[in-house]
Structures are given as C-alpha cells and as structure tokens.
Amino acid sequence: MTLRISVLALSAALAACQPGGGPADTSGGSTTQASVTAETASPRVRELAAQMTLAEKLGQLHQAAGGRSRNLNSRLTPDELDRVRRGEIGSYLHVAGAAPLGELQQVAVEESRLGIPLLFAMDVVHGYRTIFPVPIAMASTWDPEDLERASRIAAEEASAAGLHWTFAPMIDIARDPRWGRIVEGAGSDPYLGARIAVAQIEGFQSDNLAAGDTLMATAKHFGAYGAPIGGRDYGTADISERNLHEIYLPPFHAASEAGSASMMTAFNDIAGVPSTSNEHLIDGVLRGEWGFDGLIVSDWNAIAELINHGVADTRADAGELALRAGVDMDMTSNVFAQDLATAIEADPGLMADLDRAVMHVLTAKERLGLFDNPMAYHDPEREAAAMLTDAARAEARRIAARSVVLLENRGSALPLGPDAGRIAVIGALAEDASTQLGSWRARGTPETVTGLLQGLRQGAPAGVEITYEAGASPTSDDLSGIAAAIAAAEAADQVILVVGEDYDLSGEARSRSSLYMPDSQRALARAVLDTGRPVTVVLVSGRPLAIPDIAERADAVLASWMLGVEAGPALADVIFGRVSPAGRLPVSFPRTTGQAPFTYSENPGGRPADPDLSRDSNRFHDLPITPLYAFGHGLSYSEFEYGDIRLDADSVAPGDTIRLTIPVTNTGDRAADEVVQLYMRDPVASVARPRLELRGFARLALGAGETRSVSFILDPAQFAVFQAPGDWRIEAGSVDLHVGASSSDLRQSVTVTVSEAGRSRSPAASIATRIEVE
C-alpha cells in the first residue's frame, strides 16, 4: 500500500527523553492522563486520602516482602504487626495462607488508625497448587480459552489462600530464546501474545474483581523487557520506536483494554531510559494515550536500582524519578517509604504525584472489595477444599496434552499402540517431577506431580512393557549410566528418549549463551540414536533448543516443554494416541545458537534471503535460510485439506470490516484438532513491512472426514502502520492475506484492497480478529 503524503519521521522520543521530564507531545491526540484523582476517585478514597499523614501515604506505597518465593511468610514477625498498626505497609508479597494473612488483615482493619486493608500478593504465574504447564507451553495450545481456564483455577486456589494480587501474566514478547524468561510468556508474536494476555487477565479477574475468588492481574513487564541485547536478562533494549510500538507494546495495550487492574514496570532501560523512570512511556503512553487508570508497581528493588542505571545519584533521587514517571507502589526497595519524604521536602510539588499514587493504591483495594469485606479471602475451610481438586487436575491434564507440539513424525512412528511391545524409557528427566513444575511454581510441590515415567507406565496399553534407565542427568557431567541406557535401548522394540533442560536452566536470571542441550543430554541422545532402534524424543525445555541432530535422526520428536502436575498422564495421552497432538510453536526453533534471534516476521530487506548461495542475500552462508521449525509449526496424527477462500467483498474502507471464510476438512481416519492460521502481508507501504504478520487463528476440533468453515472478520486498522503513540495510519492499497497450517505452510491466499486511507489509535497487533466457526 502506498501512502500519498509524506511519511512522518520516526521520533527520537525514547532516546531523547531525559529522566524526570517527558518529551513533547507527538501523539496526534489527547494526552490527558487517566489517573485516579481527587475529582475522579470515589468519595471513600477521597476522604481517606484527605485524612492521611505523609507517613501513612508513604506506607500505602510500600510493598514489603513477607518472605522469599521459596520461604513464604518467613518475615511475618511480631514486629510486622506493629508496622501494620502504624500504617507503614500497603502490601505484602511472598505470603500465603488464609489464617496467617487473616491475622495480618484483621490488625490492619481493626487496629490501624484509618483501618485501611492490606494487599497480599504472589507470583501465581501458571497455577497456585494445581500447577499447569509453563506459560510458553500453554501458549502452544493456540487456544486462549485454555489460558483463561487455567488462570481461573489459579485464582480460585490462590484467593482461597488469602491472596488478592498476582504478578502475572508476563506478556513480554521474546524473540531471542537465549533469554531465560522466554519460558514465562507467549513467545515471539505480538498478535498471539495479545490474545493470550487478554485470556489470562479475564481468567484471573473474572467478571467481578470484588467477588472474593478473583486475583488482581498484573500485566508485566512494561515495556520491552523481552528484548535485551544478547538475550541477557535485565539488559538494555536498544530498539527503535517503531519496533517498540508495533512488536513489544501491543500485548500491553490489549491488556489495558481488557481491564488489567495493574501493570508492572520492567527492570531494563530502553535506549538509555529505565522503564521504572520512563515518564514518556508510563504517563505519556500507558496513562495518556491508552487511558490506563489501574495500579502501577515497580519490579523487585527496581526503584533503588535506578542508581545502578546511572540516572539517579541518591535513593531520594531514584524515588522522585519513579514517582514522577507514574509508579504507584515500590516493591521491596523501601525507597518510597524511607527516602521519598526527603525529596518531597526539597520539592513540595511532588505531593501531587504522591496523592495520585495513593489514590491508585486505595482504588485498587476498593475495586477488590477489601473495604467492604476485607476477610473474604481468609476462610481456612475454603482454602482446604479448594486445593488440587480432581476437577482442577483433570483440566491440568487436558491442557497439558493440548500443549504438546509434534515436531517430527517420520513414517507415522506415533502414536504407539498395543503392539508397541517393549518400550525403553531413557533419560533422567523422565522421573524428574520438580522440572515439570517449571519456574514460578507458587505452592506447587514435586510430590503432587505425576511424572513422565509414572504417567507412561500408568497409561500404556495392556501388553506393553516399559523399562527405564536414567542414562544421564542434565545437571551432571556423569556419563556412567549411558552404557546401561544403550543396553536397555537395544533390548527394546521402541525407545522413548526424554532429554532437554532441567527447570533451573530457564527462568529469571537464567539466560544462556548456547541453545544446545547440556553436554550430558547430547551425549545420551547420540548414544541412543546410534543403536538404530525406533526412537521417539520427548524434548523437555523452557525455551526453543537447537536440536539439528535429533531432528534429522529421530523417528518422532515431541516438544513437551514442562507440563505441570499432570505431565505424565498428558504425555501418555499423546504418545499412545488418546489425544492427537495439535500444539503449535509460539516461537521458531533455530538450527543453531548463531541463528537466533530469528522470526518469521522480519522485514525482507533489499536483498531478501535466497536459498541460492551464488546470490548475495540476507542469510548465513553456513545454514539454510529457514529455522529448524517455523513459528506456528506442529504436526498431527491426521491430515487436513484447506478449501478455497471466500471474501464477502473485494475491498474495505476504514471503519468497516471484511469477512474471509475458508473450509477445512479432516481427511484422516481419526478425530483431531487443526490450528488454522491467518497471516497478512502489506507488499507496498510507506515504510518496509514484515514478510508476514499473524492476524488471526482458530483451533478447530474435527472428526474424521468432517469439514468445518472458519470465518475471520478483519478491520483495516489491523493493517495500520505506526506513526506516533496513539497515531496509526491505515494506508490505501492492497493487502495479501494467507491462510495455512503455519507461517511456513500457507495453503491459500487472496488479496484485498483498502479503498481509502484512515487513522486508528490502537496498535494494529492488539486488535482482536473476530472468529466464527460453522
């Protein structure tokens, strides 16, 4: 599409933004902050704020650590009760338990001067007691309803344990799998990430945040935390403003539109401006352009770390920068509580920022219903009845099976049936229950996990014998068990080889320079594959791994990720054919570490990648131009045929919609799911556009021989190009639409025309495509 007016120059706002001051308004629209103020707050909040002393206001902005993530409540000493009585605490994190938190809450509402309730928080990321698959695995279902259901169960359990607030979902777009926290998110694509974010928020918060069985969601980490240089956690994100707004911010915009009650700022800086003091980003974009009026919390100790960033000289300076930028609550650094008064004394004008932050905190508590019913979360009998129910475990099993991605299946090696004979399960990860919990496991424990080996033994068909050898552990260089593993493989009819990462190799502060499996796992895999026996590889990991040898030599490969408390039964359901796998990759798998980061949606460049090595092009000469496994890839036990695309019109104007309908037929002999994926390409635009961009998907359940039609209803705003915050240009011209089974398997294409130019205020990738299935 060609723009007929001059293109606005890209703003240098982020690079030029000086700490403590915002840039000129280039939004093309209003930048009135959507804060809770004395004019917009409820009468109760206004009255409380008017009565508060400076110390009490600062106390409301302080979140104290009640323990550590693995040592909850350890800091809840008698001294803490006195601090609560004095109004010095607004919130606690790393706490849990209906009874102990009920005691704290009762002191807060009955013995403090103003009776303001406390907020209790924890990182409930993929379950509380019933641990679901890690987030990157659940994103592999490509079904937002699965994420919503898992989040709803997590909220029911956690709220019964006295919690009000979770630091989830993590919705950072991550394109470099060296970054350890890729395990916590939905992968590399802004559209998929936006849809997953909304589903999780709706699950945590439900229809009524004050219902008593909900959690206040936190969309984190705002913004671009998933783009550190080299994939090194906490590092700078040196990205363009266009990439920030088109790739990294759309999930946050979608989260704001979905009503996320809070957001968390990121540790990193963007072009030199730390997110925790980025007034342009927080007050300008998040509150001003998007109208977010929820609570904004820093990450752990991030306000104090503004000194390390080099933008603050003292703790008081750091507190002033964060408060001015729009941060409402200080997670654990004590800067607001201990040092902000000094800054306010020096500049009384900061009182307006302080009052605004206090009202955001009080309003969050009011929206949770804590002023009206502060003890709703503190019933020990409810807590006991809510945990690890049969229904919750059944959902965990169902979602785990839907998370598994079939990467290879040569000669229909899977599923294994009653004639599989003797199966050797090899690999220490097969009996490692702790790894199946992944990172951020809340109150999940290994004893509650049905591991892979146990599940395979329980789920094997009658007559199938299963043996086991550990072979080698990913946490050890001891290879002495490989000889026994080889013997077990040679004595078996089939081998299920479980290799990959221990849980502690991915997660926060777990970035890795190599995407290969640990040496012990590579040695074990080579030895077992050398036996010549039929081998199914189960890849356990929290990130995409480089597995070219396995991909080439194994009969079947399953990306199982880390599947939670029902990992074993879910894997058995897939391997033995009770469930046809339909997981799809939310991020590509590279061929080698040096190929990362790799994404299907890069701009083509003036010399696009060409498989012909004699041509100069955008490629590595020692690798094919494709990833090992593409974004959206995933195989099935069945086959699917895509019919012709039908459009309800050839052109569309801004403000209208266009409907694309395509029939999909299961041509196989078993019921299975297919994930139908819609991509767009803007071939001629005012600026270079990505090769492909995801704009819709639908997971269809199809019986053998069944045909169903899926319709995608698109808005031209989904094709818009970023100009400035809050200003997106819909350009007139042609747009190519492609439908297929992955970004590398496009079956049908059609071209539509946008008849005239227009404007949108929303990031294009944050706008949901309406889906109808017949």
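**Exercise 1.** Which residues lie nearest the centre of the largest pocket, and how many residues line this pocket?

*Solution.* The model is predicted; local features need pLDDT of at least 70, side-chain atom pairs count only at pLDDT 80 or more, and totals for chains, interfaces and linings use all residues. Residues are numbered from 1 along each chain as its sequence is written, and side-chain values use heavy atoms, with hydrogens and water left out.

Step 1. A pocket is an open set of points on a 1 Å grid over the protein atoms alone, where a 1.4 Å probe fits, with protein on both sides within 12 Å along at least five of seven lines; lining residues have an atom within 4 Å of a point.

Step 2. The lining of the largest pocket holds 35 residues, and Arg68, Ser69, Arg70, Trp440 and Glu508 lie nearest the centre.

Step 3. Its volume, the space filled by probe spheres set on the grid points (joined across faces, edges and corners), is about 860 Å³.

**Exercise 2.** Which helix gives the most residues to the lining of the second largest pocket?

*Solution.* Step 1. Helices (H or I, at least four residues) and strands (E, at least two) are DSSP runs, numbered from the N terminus.

Step 2. Helix H9 (241–248) and strand S22 (693–702) each supply at least two lining residues.

Step 3. H9 gives the most, with five residues. The pocket has a volume of about 710 Å³.

**Exercise 3.** Which residues of helix H19 are buried, and why are they on the same side of the helix?

*Solution.* Step 1. Buried means under 20% relative accessible area, exposed over 50%, and partly exposed in between (1.4 Å probe, protein chains only).

Step 2. In H19 (residues 452–459), the buried residues are Leu452, Leu453, Gly455, Leu456 and Gly459. They lie on the same side of H19 because they cover an arc of only 165° around the axis, the arc being that of the directions from the helix axis to the C-beta atoms.

Step 3. These buried residues pack (contact: heavy atoms within 4.5 Å) against elements including strand S12 (422–426), helix H18 (433–437) and helix H23 (567–575).

**Exercise 4.** Where is Ala271 found, and what is its phi?

*Solution.* Step 1. Ala271 sits in the loop between strand S7 (269–270) and strand S8 (273–274).

Step 2. Its phi is near 50°, a positive value in a residue other than glycine. Most residues other than glycine have a negative phi.

Step 3. With a relative accessible area of 26%, Ala271 is partly exposed.
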